[in-house]
Amino acid sequence: KTRLVTDRPPQAVYFLLGGSGPLLSANYDRRFGKRVNGLGFSGGVGYYGAIGINIVSFPVSINYLFGHQTHFFEAGTGATFLTANVGGIFDNAHHSVVFYHLSLGYRHQPTRGGFFFRGGITPLFFNGGTFTSYYLGFGYNF
């Protein structure tokens, strides 16, 4: 098993389109140890707004990176709290839900920092149903 040891736990900030956000989210990711592969966590905040609807989401997850150098297979699980205000001129409704998610995909994360990319598939589980979302993330690893 190859361990990519660094001088501190690797971190990344990135924007995610799709996935656990579920639309557009800004996220922070950090490894638990001083290596790029292995166990880590992420958290973020998402937003979507259109005429008559505003959605805010807070995804959190743990993940594990399998691989070496800069190319990894990522597997993770977590939960997202989502709150929405939907309404028009005469009525307004507020809805909140927690849904759970898995993530499976590819991650490019350099050992010494630089451009960060991830992409994959995210099954979402809520109210006894499932929905499949895909994701692309771009950011910076440090």
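Me: How many nonpolar, polar and charged residues does the lining of the largest cavity have?

Reply: The lining has six nonpolar, 11 polar and four charged residues. Here Ala, Val, Leu, Ile, Met, Phe, Trp, Tyr, Cys and Pro count as nonpolar, Asp, Glu, Lys and Arg as charged, and the others, Gly among them, as polar. The model is predicted: local features need pLDDT of at least 70 and side-chain atom pairs pLDDT 80 or more, while totals for chains, interfaces and linings use all residues. Residues are numbered from 1 along each chain as its sequence is written, and side-chain values use heavy atoms, without hydrogens and water.

Me: What makes a space a cavity?

Reply: On a 1 Å grid over the protein atoms alone, a cavity is a set of points where a 1.4 Å probe fits but cannot get out; lining residues have an atom within 4 Å of a point. The largest cavity has a volume of about 150 Å³, a volume being the space filled by probe spheres set on the points, which are joined across faces, edges and corners. Of its 21 lining residues, the closest to the centre include Ser20, His101 and Arg118.

Me: Why are β7 and β8 called paired?

Reply: Strands are DSSP runs (E, at least two residues), numbered from the N terminus. Two strands pair if DSSP finds at least two bridges between them; 13 bridges join β7 to β8 (residues 129-141), so the antiparallel strands β7 and β8 qualify. Arginine 118 has glycine 137 in β8 as its bridge partner.

Conventions:
On a 1 Å grid over the protein atoms alone, a cavity is a set of points where a 1.4 Å probe fits but cannot get out, and a pocket is an open set with protein on both sides within 12 Å along at least five of seven lines; lining residues have an atom within 4 Å of a point. Helices (H or I, at least four residues) and strands (E, at least two) are DSSP runs, numbered from the N terminus.
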